Amino acid sequence: MSYVTAFGCRATDVASFAAEANGYGKEAAIAAGATDVRVSQVVMGGERAGMINVAFDCPTITAAMEVSAAMNSDTRVLDVLAKCEVQLVSRSLIRVIAERGTTSGAYSTGVMFASDPVDDATADSNLGDGWEHIQAGANGMRMGQSYSAGLALAPYFILTWTDDLDALAAASANSFGDPKVQANMVNSNTKMVGRMTSRTLG
């Protein structure tokens, strides 16, 4: 089990902020206990369009808190935030339930959904059923649960990373059309709430 701290923001100078986040910011976060850092920007996502998301992978909740504290007290990071006119929109902690493949790709999609709680083994099996199709158009897939995110109308999500959004769309359609995937959704009372499409920055 692992966790992700999601730092959601908007910035006037997106290019400079992304470069710093992928450079010094990533180095500082890893030194503080993160295992990886990714930067992306929502392109298609309703009112979230234009939002930048910096995701800090962390092994534990405590590590996530320490990484956040380290970044918030780093003078160089604070200077970049000021120079790029970064405005914090949200900061959330996500529990990673199951994953397949890698988190690399030029694009990513986020499907938000609500469902009845299921145990992690069942969730992992369900994700595996979907991955049988999704892997034809994606590099990786991750299921997460909002652990500390304020009011969450869709407490669960699936992120997918790809270099070809059209191939992913075709694979996704095949997945949703699979009777086994449909049965999994019915058994857990899963209802899709929304979708976002982002591009990787850096």
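How many bridges pair E5 and E8, and in which sense? E5 and E8 pair over eight bridges, in the antiparallel sense. Strands count as paired here if DSSP finds at least two bridges between them. Strands (E, at least two residues) and helices (H or I, at least four) are DSSP runs, numbered from the N terminus.

Before going on, two remarks on the source. This is a predicted model, so to speak of local features pLDDT must be at least 70, side-chain atom pairs count only at pLDDT 80 or more, and totals for chains, interfaces and linings use all residues. Residues are numbered from 1 along each chain as its sequence is written, and side-chain values use heavy atoms, with hydrogens and water left out.

Back to the sheet. Eight strands close into a barrel, with antiparallel pairing, in the order E1-E3-E2-E8-E5-E7-E6-E4. On average, neighbouring strands of this sheet are turned by 35° against each other, direction ignored. Such angles run from 0 to 180 degrees between N-to-C directions, with axes as lines fitted to C-alpha atoms, for helices over the stretch in contact.

Six of the eight residues of E5 are buried, where buried means under 20% relative accessible area, exposed over 50%, and partly exposed in between (1.4 Å probe, protein chains only). E8, residues 191-200, also pairs with E2, residues 36-44, over four antiparallel bridges; Met44 has Thr197 in E8 as its bridge partner.

Next, the rings. The structure holds two aromatic pairs. Rings of Phe, Tyr and Trp (its six-membered ring) pair if their centres lie within 6.5 Å; planes under 30 degrees apart are stacked, over 60 edge-to-face, and the rest tilted. Tyr3 and Tyr147 have ring centres 5.9 Å apart and planes at 80°, so this pair is edge-to-face. Tyr3 sits in E1 and Tyr147 in E6, so the pair ties together parts 144 residues apart in sequence. Phe113 and Tyr156 are stacked, at 5.7 Å centre to centre with 20° between the planes. Phe113 belongs to E5 and Tyr156 to E7, so that pair ties together parts 43 residues apart in sequence. Phe113 is buried at 9% relative accessibility, and Tyr156 is buried at 11%.

E6 also contains Arg142. Is Arg142 buried or exposed? Arg142 is buried, with a relative accessible area of 6%. Its side chain makes a polar contact of 2.9 Å with the side chain of Glu99. A polar contact is a pair of N or O atoms within 3.5 Å; within protein, one must be able to donate a hydrogen and the other to accept it, and residues adjacent in sequence count only if both atoms are side-chain atoms.

Last, the helices. H4, residues 120-134, lies across E4, E6 and E7, at about 85° to E4. H1, residues 14-32, has a kink of about 45° centred on Gly25; the bend at a residue is the angle between axes fitted to the seven residues ending there and the seven starting there. Among the buried residues of H1 are Phe17, Ala21 and Gly25. Their cover includes E1, E2, E3, H2 and H3, with contact meaning heavy atoms within 4.5 Å. After H1 comes Gly33, with a positive phi near 130°.
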